[in-house]
Amino acid sequence: SKILKNVAVLSGPNFADEVEVGFSTISTVASKNQNLVDMIKNIVENKNFKIDTTTRIEAVECYGIFKNIIAIYMGILEGAACSNNTKSMIFTQLIKEMQNFILNFDSTRESFFLSCGIGDIFLTATSLKSRNFSFGVDFYLKKPQQEETVEGLRSLQIIPIFEQKYGFQFNLYKKLYNQIILKQDNDLFNF
């Protein structure tokens, strides 16, 4: 953990085009070094760009992984024109599986309620501006996709590694992994 002493992570619900024109937003700075957090906050924060902070770097990084997978999944549900009830059911289960896994890194669940958690998940999993959400829609509709900028595809490949390393069993994340990466048919609309 000595290496992490001089590392900071910036993560949050930010579309670059909206930041550029000055729309209000918020991001999380995560670091175990309070001086580094203060320096970044002083440089970045202004009236339109707020900063919240945590020391839970690992949890923040995990949210970055899972939010992109959630966005792909929610995009698939959007492409399939699923009901709001079904979307809510799947979203709730995805959050539950994610939170149970992230307890390995943040037993307080504190970081979930920061912009890097629920804020970034909401933005990424509900907007066609999100490459991952759009990929999910296009994947379901069998439209050609540009995979090089879809972070969720790389994130999906980590799911079996997490299962093996931490002895954790995913359900919906594994179904999506099997469907997209292994190209096996799965019932993505139920659990």
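Guide: Start with helices H3 and H6, whose crossing is right-handed. Keep in mind that this is a predicted model.

Visitor: How are two packed helices described?
Guide: By the angle between their axes and the distance between the axes. For H3 and H6 the angle is about 40° and the axes are 6 Å apart.

Visitor: Now the charged pairs. How many salt bridges does a search of the whole structure find?
Guide: Eight.

Visitor: What makes Asp 17 and Lys 129 a salt bridge?
Guide: Their N to O distance is 3.1 Å. The cut-off is within 4 Å, so the pair qualifies.

Visitor: Which parts does the pair of Asp 17 and Lys 129 tie together?
Guide: Asp 17 lies in helix H1, and Lys 129 lies in the loop between helix H5 and helix H6. These parts are 112 residues apart in sequence.

Visitor: Why is Asp 17 called partly exposed?
Guide: Asp 17 has 41% relative accessibility. Buried means under 20% and exposed means over 50%, so a value in between counts as partly exposed. Lys 129, at 42%, is also partly exposed.

Visitor: What makes Glu 58 and Lys 32 a salt bridge?
Guide: Here the N to O distance is 3.8 Å. The limit is 4 Å, so this pair counts as well. Glu 58 sits in helix H3, while Lys 32 is in the loop between strand E2 and helix H2.

Visitor: How do you know that Lys 174 forms a salt bridge with Glu 163?
Guide: The closest N and O atoms are 2.7 Å apart. Lys 174 lies in helix H9 and Glu 163 in helix H8.

Visitor: Why is Glu 163 called buried?
Guide: Its relative accessible area is 7%. Buried means under 20%, so the label holds. Lys 174, at 25%, counts as partly exposed.

How values were computed. Residues are numbered from 1 along each chain as its sequence is written. This is a predicted model: local features need pLDDT of at least 70, side-chain atom pairs count only at pLDDT 80 or more; totals for chains, interfaces and linings use all residues. Side-chain values use heavy atoms; hydrogens and water are left out. A salt bridge is a side-chain nitrogen of Lys or Arg within 4 Å of a carboxyl oxygen of Asp or Glu. Helices (H or I, at least four residues) and strands (E, at least two) are DSSP runs, numbered from the N terminus. Buried means under 20% relative accessible area, exposed over 50%, partly exposed in between (1.4 Å probe, protein chains only). Axes are lines fitted to C-alpha atoms, for helices over the stretch in contact, and angles run from 0 to 180 degrees between N-to-C directions. A crossing is left-handed if the near helix is turned anticlockwise from the far one by less than a right angle, and right-handed if clockwise.
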